[in-house]
Amino acid sequence: MSNHKQVGIWMDSTEAVIAGREHLHQGDYELIGHVAGEHAPANSSEKTANNHAKALQVKFFKDIASHVPNMVEVHVTGTGKVQEQFINYLAETAQFKNVKTSESTSNKMSDEKLLEFLLGHK
């Protein structure tokens with residue numbers, strides 16, 4: 001569990017890197033953790049495959065959020081549409097519905113580059 005109030009997350013559909021700082025708008029970010037999502041196995045039923053993929057995505061989002069239960073602000077960056085889906089997940093979850101969110105698109109970056117990016121983002 002983390003006391004980080006301001007959080008930055010780089011994510012794509014299969015992995016996430018989480019960084020945070022304890023005070024809003026001051027101090028350095030520190031790496032909190034990495035989360036790897038699971039891939040849905042092949043399935044002959046499209047409906048079953050879809051449901052399994054959605055369940056795995058929710059599990060992935062819960063794993064990310066469990067690293068920062070006290071966040072007040074979060075900036076989500078990465079590739080694809082998964083950032084928007086994660087922000088929607090937060091808005092629909094009672095614990096996180098009041099979290100201030102922002103998003104951007106970026107290519108994969110190293111942990112150090114993510115920390116630099118977040119400091120420049122404010």
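Tutor: First, a definition: rings of Phe, Tyr and Trp pair if their centres lie within 6.5 Å. Also, this is a predicted model.

Student: OK. Which residues do ring pairs link into a cluster?
Tutor: F60, F61, F86 and Y89. A search of the whole structure finds 4 aromatic pairs.

Student: How are the rings of F61 and Y89 arranged?
Tutor: Their centres are 5.6 Å apart and their planes are at 50 degrees, so this pair is tilted. F61 sits in helix α1 and Y89 in helix α2, so the pair ties together parts 28 residues apart in sequence.

Student: Is F61 buried or exposed?
Tutor: Buried, because its relative accessibility is 3%. Y89 is buried too, at 14%. The cut-off for buried is under 20%.

Student: And what about F86 with Y89?
Tutor: That pair is stacked, with 6.3 Å centre to centre and 25 degrees between the planes. F86 and Y89 are 3 residues apart in helix α2, so about one helical turn separates them. F86 is buried as well.

Student: New topic. At what angle do α1 and α2 pack?
Tutor: About 70 degrees, with their axes 11 Å apart. The two helices are therefore roughly perpendicular.

Student: Which residues meet there?
Tutor: From α1, Q57, F61, K62, I64 and A65. From α2, V82, Q85, F86 and Y89. They divide into 6 nonpolar, 2 polar and 1 charged.

Student: Last one. What lies over the face of W10?
Tutor: K108, at 4.6 Å from the ring centre.

How values were computed
Residues numbered from 1 in each chain as written. Predicted model: local features only at pLDDT ≥ 70, side-chain atom pairs only at ≥ 80, totals over all residues. Heavy atoms only, no water. Axes fitted to C-alpha atoms, helices over the stretch in contact; angles between N-to-C directions. Helix = DSSP H or I, 4+ residues; strand = E, 2+ residues; numbered from the N terminus. Parallel < 35°, antiparallel > 145°, perpendicular 65-115°, else oblique. Contact = heavy atoms within 4.5 Å. Nonpolar A, V, L, I, M, F, W, Y, C, P; charged D, E, K, R; others polar. Phe/Tyr/Trp six-rings, centres within 6.5 Å; stacked < 30°, edge-to-face > 60°. Buried < 20%, exposed > 50% of the residue type's maximum accessible area, 1.4 Å probe, protein only. Lys NZ or Arg CZ within 6 Å of the ring centre and 35° of its normal.
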